[in-house]
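Hi,

Here is the structure I promised to pass on.

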Amino acid sequence: MSEQPVNPRTRTVTWRDPREGASAAKTLSGLEYLRAIQRGELPGPPIAELMGFSPVEVEEGRVVFAVKPGEHHYNPIGMVHGGLAATLMDSAMGCAIHTMLPVGAGYTTLELHVNYVKGIAHDTGQLLCRGEVIHLGGRVATAQGRLVDEKGTLYAHGTTTCMVFRPPGSGGKE
C-alpha cells in the first residue's frame, strides 16, 4: 500500500508539432530561424517548453536563454538537477553556432563539457545562459557558454564542439 503524496504539485506542458519548426528551418538561415522562434512566429523546440527556458537574445554568433528554476527541476537531494544547466548550455552554445549557418545547413553536438561552480535552487531567481561561437569551420564549430544569475554570479561554464552539416555544393570553409 503506497502513501499519498503530501501537498502534491502539478505541471502541464504544452507544445506545438516540432515538424513545423523543422520544416521552416530548412528554408531559413540559422539566424533568421532562431529570430523567428524568439518573435513567436515559429514554435520553439519541445525541450524548451518542458524545461521552461526561452531565447531572450539572438545575434550572429551569440544567443542568450533565460530560465527560472523551480521545484520541478529538482534532483533527489533537493537541488536543481545539473541536467538543467547542461541542457541550457548545450542549447545556447549550439544555437549560437546555428546563428552563423546558411540556409540548408545544420549541426549536432559532438562534445559538451560543463563545469558546475555553484548549486541552483528554486529560489535562485532567473538564470541567463549565454552561448558564443569561438570557431566556425566547414565541418567543425566550437562555442563557449556561461550560466549566470541576474547579478552576474556564475553557476556554470562550459564548451561544446559541434559537427556542421552543409548543403551539397555550398563550399563551406574549414
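Below are notes on the pocket, the salt bridges and the cysteines.

Some ground rules first. This is a predicted model, so note that local features need pLDDT of at least 70 and side-chain atom pairs count only at pLDDT 80 or more, while totals for chains, interfaces and linings use all residues. Residues are numbered from 1 along each chain as its sequence is written, and side-chain values use heavy atoms, with hydrogens and water left out.

**Pocket**

The largest pocket holds about 610 Å³ of space. In this search, a pocket is an open set of points on a 1 Å grid over the protein atoms alone, where a 1.4 Å probe fits, with protein on both sides within 12 Å along at least five of seven lines. Points are joined across faces, edges and corners, and the volume is the space filled by probe spheres set on them. Lining residues have an atom within 4 Å of a point; there are 31 of them here, with Y33, L34, I37, P45 and C95 nearest the centre.

At least two lining residues come from each of α1 (18-25), α2 (30-38), α3 (46-51), β1 (53-59), β2 (62-67), α4 (82-98) and β3 (106-116). Those labels are DSSP runs numbered from the N terminus: helices are H or I with at least four residues, strands E with at least two. By class, the lining has 19 nonpolar residues, eight polar and four charged (nonpolar is Ala, Val, Leu, Ile, Met, Phe, Trp, Tyr, Cys and Pro; charged is Asp, Glu, Lys and Arg; the others, Gly among them, are polar).

**Salt bridges**

The whole structure has seven salt bridges (a side-chain nitrogen of Lys or Arg within 4 Å of a carboxyl oxygen of Asp or Glu). One of them joins R19 and D17, at 2.8 Å between the closest N and O atoms. R19 is exposed at 61% relative accessible area, and D17 is partly exposed at 36% (buried is under 20%, exposed over 50%, partly exposed in between, with a 1.4 Å probe and protein chains only).

E57 and R62 also pair up, at 2.4 Å from N to O. Here R62 is buried at 18%, whereas E57 is partly exposed at 30%.

**Cysteines**

How many disulfides are there? The count is zero, taking a disulfide as two cysteine sulfurs within 2.5 Å. The sulfur of C95 lies 9.6 Å from the closest cysteine sulfur, in C162, so it is too far for a bond. C95 is buried at 12%, and C162 is buried at 0%.

Cheers
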